Amino acid sequence: MNVIEVKNLRKEFNSYTSRPGLAGAFRDLFTRNYKVHAAVDNISLTIKQGEMVGYIGENGAGKSTTIKMLTGILTPTSGSIIVNGMNPHKQREEFVRTIGVVFGQRSQLWWDIAVQESFRLLKKVYRVSDEDYNHHMGHVIETLDIGPLLDKPVRKLSLGQRMRCELAAALVHNPPLLFLDEPTIGLDVLVKLKIRKFLQEINEQYKTTILLTTHDLTDIEALCERVVLLDEGKIIYDGKLNQLQEHAVEGKQIEFEFLSEVPRSSLPRIENIQWEQKDATTWLGLINGDEQMISQLISDVVQRNPIKNVRINEVSTEEIVRKIYEEGMALT
Amino acid sequence: MSMYLEMIRVRFLMMLAYRTNYYSGILIYSINIGAYYFLWSAIYGGKEEIQGLSVAQMTTYVAVAWMARAFYYNNIDREIAAEIKDGKVAIEMIRPYNYLGMKTMQALGEGVFRLLFFSVPGMIIVALIFPVTFNASLNTWLFFFVSLVFSFIVNTYINLLTGMMTFFLFNNTGLIRAKRVVIDLFSGLLLPISFYPGWAQEVMSYLPFQAISYIPSMIFTEGLVGQEMYNALLSQVFWVVILLIPIRLLWSLAKKHLIVQGG
């Protein structure tokens, strides 16, 4: 079953440019230079129930705009959106009962009152029964470890504490679909791990579909099998994360640290392998192509020279994404 | 419905979170009433009455007008403007409720809170210091409260409209300030409408502002009685219904126009 179905989605914004100088400012009073800018440009996307999808792109690539259209906040300029079988904008009040949203940069809790009062209000707003609430939220509160925070006003919480509460608040009505817009922004490693573990749990337990945008690619690596890459409003990659890694990387790197200085000539000469000297006793072997080469190379090198340490450097997703954006390499 | 009641409760909690505001509010209102009392005593000099109002009636008018203001006055216009400006309205759009309805409920929560914990104790303080008369009949009290409810609705509607203008202007602090002055002036808070020149009264009778302060205060001081009072109440009802139209229009426009500012 498709939870999200998006076809040829497009969102244009009118922006105006200011003319330079005082004379320009006066001219701006009467006529302005308008420019149409497509923040989201012809996107098609389907997401199935229970999937965890990472939605990544640079700042201004159109991620947040897409999420805002999917949640019914913004109206699309053209194209069709069906989420949970509904049109988000047209059937807003009915639709929003079936989704949960966390915006990392904005709080949805009431600032001046205790966290539990916010929860209580949300429980009423979403008409959750006492029984469901106690059962479900009891679990959420325990897993996110926010029990001791419940009677504190939101303004007194630290960012990590607040974020966990935000996540809990988005789940009061146990929605089948969860949108997370940069949920781990500015959080420390421990809180990040806690949040990731929790997301995995609800995904397994309730088959919650999760669409996640983040700049922290380790989040995506830990959570998502599938990634959608966005650049200037267009989807440039949609598929498995590990395929992205396989395709995008020219090869692996093996770092040999020898006990003594080793000249270039005593290293094995194999096709598809390039050598690069890091310092006197350290060499980097760059392998292009076959993964089988790794073991062959290591055994060849080790037989000839005494080594202190060997390290296989895998290229991180971050590296891949950086490469894709810098070199404009589009993968399909 | 229970969610709206819950919202009123939350608003109570929020008001209680800032107690200093609450105490200083009582003080400021009392000072205001005092200032107007002395001003009006000076204006009256030795005269028995001006424009059909005696000094005692005038003092009561001023006190009641200010205390009623505590109930109908709210800051939802500024809140809506702030929520639009910093993009918080986006959060409100993902909630399964009517944003404007929820704002109205918040305003009501604030109003009820202030009526109970602000107007009533404030009134007692004022009655101890100034010669205010509360000998109105039970009927007058009843009509006063009915009228007060309408004045709350009219004022809240105007606040909603002003707040929503932010969708189109992006920054409307000026408009909000102007609105506040216009309401204080044209609603009869600072000066009873009957004191204005004839042509101004004529103009103001076509505007919704006197439904906010003048009518309930006049009913309480018994400056409006009988048929006149019923007509005044009817005019309030008229505005309660009529103002819904621009609100509906503006809101549906605003939703289409909604650009979430700040990312």
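Here's a quick walk through a sheet in chain A and the helices around it, taken from a predicted model.

Let's start with the sheet. Six strands of chain A make up an open sheet with mixed pairing, in the order 5-6-7-3-8-9. Strand 5 (99–103) and strand 9 (234–240) of chain A sit at the edges, each pairing on one side only. From one strand to the next, the twist averages 15°. Further in, strand 3 (residues 52–57) of chain A runs parallel to strand 8 (residues 226–231) of chain A, and five bridges join the two. If you want a landmark there, look for G54(A), which stands opposite V227(A) in strand 8 of chain A.

Now for the helices. Helix 6 (residues 159–170) of chain A lies across strand 5 and strand 6 (177–181) of chain A, and it runs at about 160° to strand 5 of chain A.

Which residues of helix 7 of chain A are buried? They are I195(A), L199(A) and I202(A). These cover an arc of only 70° around the axis, so they lie on the same side of helix 7 of chain A. The buried residues of helix 7 pack against helix 6, strand 7 (209–213) and helix 8 (217–223) of chain A. Over on the other side of helix 7 of chain A, V189(A), L190(A), E204(A) and Q205(A) are exposed. After helix 7 of chain A comes K207(A), with a positive phi near 55°.

Technical notes
Residues are numbered from 1 along each chain as its sequence is written. Chains are lettered from A and ligands numbered from 1 in the order in which they are written. This is a predicted model: local features need pLDDT of at least 70, side-chain atom pairs count only at pLDDT 80 or more; totals for chains, interfaces and linings use all residues. Two strands pair if DSSP finds at least two bridges between them. Helices (H or I, at least four residues) and strands (E, at least two) are DSSP runs, numbered from the N terminus. Axes are lines fitted to C-alpha atoms, for helices over the stretch in contact, and angles run from 0 to 180 degrees between N-to-C directions. Two residues are in contact if their C-beta atoms, placed from the backbone, lie within 7 Å. A residue is buried if 20 or more other C-beta atoms lie within 10 Å of its own, exposed if 12 or fewer, and partly exposed in between; C-beta atoms are placed from the backbone. The arc is that of the directions from the helix axis to the C-beta atoms.
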